Amino acid sequence: MITRRQFVAAGAATGAAVIVPWRLLRGSGARATALDGGPGLDPHTIAKYAQRLAVLPAMPRAGTVEHGAVDHYAIAVRQFRQQMLPPGLPRTTVWGYGAIGHPGTFHAPALPLETLADRQVRVRWVNQLVDSLGNYLSHPLTVDQTLHWANPAGGISGRDMKQTFTSTPDPYHGPIPLVTHLHGAHSFEESDGYPNAWFLARARNIPDGYATVGSFYDRYAAEFHDRIGPLWHPGSSVYQYNNDQRATTLWFHDHALGMTRVNIQMGLSGMYLIRGGDSDLPAGVLPGPAPAIGDPPGTRYYEIPIVVQDRSFNADGSLFFPDSRDFFGDVTPGGPFIPTTDVPPQWNPEFFGTTMIANGRVWPRLEVEPRRYRFRFLNSCNTRVVILKIASDPTAARPAPAALPIWQIGSDGGFLPAPQQLDQVIIAVAERADVVVDFSDVPVGTELYLINEGPDDPFGGGTVGVDFDPADPATTGQVMKFVVGPLRSRDTSVPPDRLQLPSLTPLGSPSHTRQVSLNELDSTTFADAPIVGLLGTMNADGTPSPKRWMDPVTETPTRNVPETWEITNFTDDAHPIHVHQIQFQVVNREPTGSGQVRGPDAGESGFKDTVLAYPGETTRIKMNFDLAGRYVWHCHIIDHEDNEMMRPLQVEE
């Protein structure tokens, strides 16, 4: 068994392309996992901190509609090349959202969309993945057709279906389905971004017989017509967000059935910030300003949204993503897979990149002043749980001493009840952390580092160095650098230990409890080779009843009847569980069988839309669904979500 350190050291020493997957045994089990090394670009050879952090401006509006009462955006997805790697290395082909009519706004990740609480926003989401001749673009990454996925080639009767094959199919090379989900939003079903509501670009060469929209697209277009008007057109959808929720950090991303992982990997994510209302603080209390529409050139920002991602690169600058299950290292290399095995031939259970990226740039730096800053972090990785800490030495032995505290003031659903002084923040995939960092007493010229002590492997909880190995300090254990420069303007914000955050009204005690489960199904052909993660219900005897995406709906809460969900994790990993439509509250966690019940972690004391459910535990959350309709709940390890670890959710009247 080759260790991670041996694998990385071998690649660094030889300078050669490392293409053989390596494996780690986790805990006492025999299941192995792989960390990609990429077939071309050794991360140790990439210069760190050679480019500035991109402080992304706000997304431009297309105007206002409905007599000025609704802000209108026209946002498209396009393919382009972006300098993610340091200058001198090749640019990378990515997909990104941007404002139609503003070519310079297309970026991966997207520019943040800024809005106000209770101010309605209408977005026309347009699929423009076509070339200069209007022909469709095929996916640069590998789309596994054996999964339960959108499947446009199946036509109307075969779309959104899991196909049966007698031999291993090639990856899909047809036109790309897209549908955007505003993660954490309180939205009607037709504006939620249901995985089966995808649509293709209006390409001139769509093959005959292909479905151009998903099985729920027409239903939601009709509902939108009835509620607002006939605004949907081919190649796009129109969603309306009422923003009738607390000031908070949301994010948007693609949610197409069975291919979310590859679409987000290409760049399709971005922040959505709600401000104002009773759940926000007056201007000047927190560090600011943040980027806003119409800012003059040279504006200095003290509130900065930061999207954290991990990626791997080929030598030509293109993104590396596994194209075969061989890469994971737990099956016989070379296949063939079907009908010999039950293992998906291209899908991999998890993906970990070899570099860390902030706002679309690999290992950037940020010049800061000796004053307070507000950072709004989003974890937009595929699988990786990041444990962020500010350190003076980026390669110090882990756990490294914290050079500055991180004051967490908010999470997925807005402000916490009170600021939390922390040495580190744990952010799972899709979670957000709103923090304040005070550089006031740091001497000019000091260099500090945002490091990551989360593992290069699926996270199961516990303590770094005891329960899991940290990320490689030389690569994925570093995120970005802060360089302290001179003070340019007086800081009038309130010190974090004196902040009085907006009041938070907790949910009451629900009378109904729903028991659900997280499960994993292993291959019958290869020992300890996982083939699918499944959500499910619980039987009366305490055993799980796993379900697949197309099984009948089992989660059917009644509108305005609060519920407690008990999520029991029967797998070896922690899973970030996301529930659409609502913001919930974490009640507690309890070891399965018996053990000490513990309350929410410090950063979970507010409202959440994604929660880490740890292995061998029951995680309890309470929520109230107040909009009837079809939604989903799922694991937000995106590779899991794409292969059955997602279930429909029907809110009944």
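Predicted model: local features only at pLDDT ≥ 70, side-chain atom pairs only at ≥ 80, totals over all residues.
Two residues are said to be in contact when heavy atoms of each lie within 4.5 Å. With residues up to four places away in sequence left aside, Asn196 touches Asp160, Gly214, Ser215, Phe216, Tyr217, Leu257 and Trp549. Asn196 is located in the loop that runs between strand S8 (180-183) and helix H3 (217-227). The relative accessibility of Asn196 is 4%; because buried means under 20%, this residue counts as buried.

The protein as a whole contains 5 helices and 34 strands. Its radius of gyration is 23 Å, close to the 26 Å given by the globule rule for 653 residues, and the protein is therefore as compact as a globular protein of that length. The C-alpha trace spans about 70 × 65 × 60 Å along the principal axes. Of the 653 residues, 63% are buried. The accessible surface amounts to about 22,900 Å², and carbon and sulfur atoms account for 51% of this area. Among contacts between residues at least 6 apart in sequence, 76% join residues at least 24 apart.

Five of the strands are arranged in an open sheet with mixed pairing, in the order S16-S24-S23-S18-S21. Strand S16 (365-368) and strand S21 (425-427) form the edges, each pairing on one side only. On average, neighbouring strands of this sheet are turned by 25° against each other, direction ignored. Within the sheet, strand S23 (residues 447-452) pairs with strand S24 (residues 478-484) in the antiparallel sense over 5 bridges. Glu447 has Val483 in S24 as its bridge partner.

Terms used. Residues numbered from 1 in each chain as written. Heavy atoms only, no water. Helix = DSSP H or I, 4+ residues; strand = E, 2+ residues; numbered from the N terminus. Buried < 20%, exposed > 50% of the residue type's maximum accessible area, 1.4 Å probe, protein only. Pairing = 2+ DSSP bridges. Axes fitted to C-alpha atoms, helices over the stretch in contact; angles between N-to-C directions. Rg over C-alpha atoms; globule rule 2.2 N^0.38 Å. Areas by Shrake-Rupley, 256 points an atom, 1.4 Å probe, with all protein chains shown as cover.
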